[in-house]
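Dear colleague,

Please find below the structure that I am handing over to you. My notes on it follow.

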Amino acid sequence: GEHPMITVTWFSLDKIKAGGSYVTATGILKKFSHTERALILENGTSIPLMDVTGVDSRLFQSWLGDLN
């Protein structure tokens, strides 16, 4: 299958104090893990779906283009 380049933004809780920050990473999507409920990038970054606030990829643009 195709491994698209994606940019994902998510909220990462601070492990020490209350709060957290928004993190953005760009990489090649390796897989969607159903068991972890996470996006896994080729560099090993695991992004919990519950925390994702935005995703951008050419893959989505091509899907949306097919709908028009």
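Strands here are DSSP runs (E, at least two residues), numbered from the N terminus, and two strands pair if DSSP finds at least two bridges between them. The model is predicted: local features need pLDDT of at least 70, side-chain atom pairs count only at pLDDT 80 or more, and totals for chains, interfaces and linings use all residues. Residues are numbered from 1 along each chain as its sequence is written, and side-chain values use heavy atoms, with hydrogens and water left out.

In the hairpin of S1 and S2, six residues lie between the strands, and Gly 19 has a positive phi near 100°. The hairpin of S2 and S3 has four residues between its strands, with Arg 37 at a positive phi near 50°.

Five strands form an open sheet with antiparallel pairing, in the order S4-S3-S2-S1-S5. Strands S4 (46–48) and S5 (52–57) are at the edges with a single partner strand each, so one side of each has no neighbour in the sheet.

S1 (residues 5–13) pairs with S5 over five bridges and with S2 over nine bridges. Thr 9 stands opposite Gly 54 in S5, while its bridge partner in S2 is Thr 24.
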